[in-house]
Amino acid sequence: MKKTALKVFAVLITLILTLAVGCTEKKDENKRDVAIFMYHNYISDGEPGDFDITAEMFEEHVKALTEAGYSCVTFTDLINFVNGTGDLPEKCVVLSTDDGYQSVIDIALPICEKYEAGLTCAVIGGKIHQHDHFVPDESIAGRIELTSHTYSLHAIHADGYKGVNVPMTGEALRDQLKADSDKMINEFGELFPEVGTIIVYPFGAHTEEIDGIFRELGYSVSVTVEQGTATIERGNPDSLRCLPRYQVYPNLTGKDIVRIAKRK
């Protein structure tokens, strides 16, 4: 009698656990929550400025993310997920860098390669010949994802592009953005085709019209500086528009970065 009661009890417990698992909300495999981190300049010594990150800090971030099970992917990986031509790990982030400082190649890229982490950099095309900006060439092709930060439209307002002698609406605006896009593609597109598919808005400034024009020009991804976690959805190209990011400051530790990566 006692054994029978124990068997009945065991069956009931198994049934309860089965029902509990069945009631648990299933994760949508067609969606990924992705934290996109925004870096600028990296330094090997001295005190970091507002947007500078030391080499030690950056390695701490990448190492902490890796040890927490996060994969550092690129914007191209997000495109492939949406298009159904690729997959994304359940836990993934994007390490994005703005402007194209030489330190990206000298400091950040070797650290990312050490941890097999993807790295993406939005370059200002017209600044690559300046002493503190790197020149995109064959030596880094295939090692880093290069995206557009525009060629010469970096100084912009939220309602249009500064210094442009045309009305900031309609065909005139479209012609201005296309001309700038063509410069990026003609100069860098052969080695880095992503400059024609991924636009990182300077200072994050954009309008609905501007984003619509870049979409028409063939840009699958647009990126802002608004804070938040992006939700990428398979089969939904709109989920790649106006992606938010998290600005990384020098006071953030590896634990802080992982904590941000977990946000929904």
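User: Which residues is Ala-261 in contact with, leaving aside neighbours within four places in sequence?
Analyst: This is a predicted model, so local features need pLDDT of at least 70, side-chain atom pairs count only at pLDDT 80 or more, and totals for chains, interfaces and linings use all residues. Residues are numbered from 1 along each chain as its sequence is written, and side-chain values use heavy atoms, with hydrogens and water left out. Contact here means heavy atoms within 4.5 Å. On that basis, the partners of Ala-261 are Ala-35, Phe-37, Leu-65, Tyr-70 and Val-93.

User: Is Ala-261 buried or exposed?
Analyst: Ala-261 sits in helix H7; helices (H or I, at least four residues) and strands (E, at least two) are DSSP runs, numbered from the N terminus. The cut-offs are under 20% relative accessible area for buried, over 50% for exposed and partly exposed in between (1.4 Å probe, protein chains only). Because its relative accessibility is 6%, Ala-261 counts as buried.

User: How far apart in space are Ala-261 and Phe-37?
Analyst: In sequence, 224 residues separate Ala-261 and Phe-37. C-alpha to C-alpha, the distance is 8.9 Å.

User: Where in H4 does the kink lie?
Analyst: H4 has 13 residues and reaches 18 Å from its first C-alpha to its last, close to the 18 Å expected at 1.5 Å a residue (1.5 Å times one less than the number of residues). The bend at a residue is the angle between axes fitted to the seven residues ending there and the seven starting there. Here a kink of about 40° comes shortly before the proline Pro-110, at Ala-108.

User: What do the buried residues of H4 pack against?
Analyst: Those buried residues include Ser-103, Val-104, Ile-107 and Leu-109. Their packing partners are strand E2 (41-43), H2, E5 and E6.

User: What is the mean pLDDT of the chain?
Analyst: pLDDT is the predictor's confidence in each residue, from 0 to 100. Still, 85% of the residues reach 70 or more, and the chain mean is 87.
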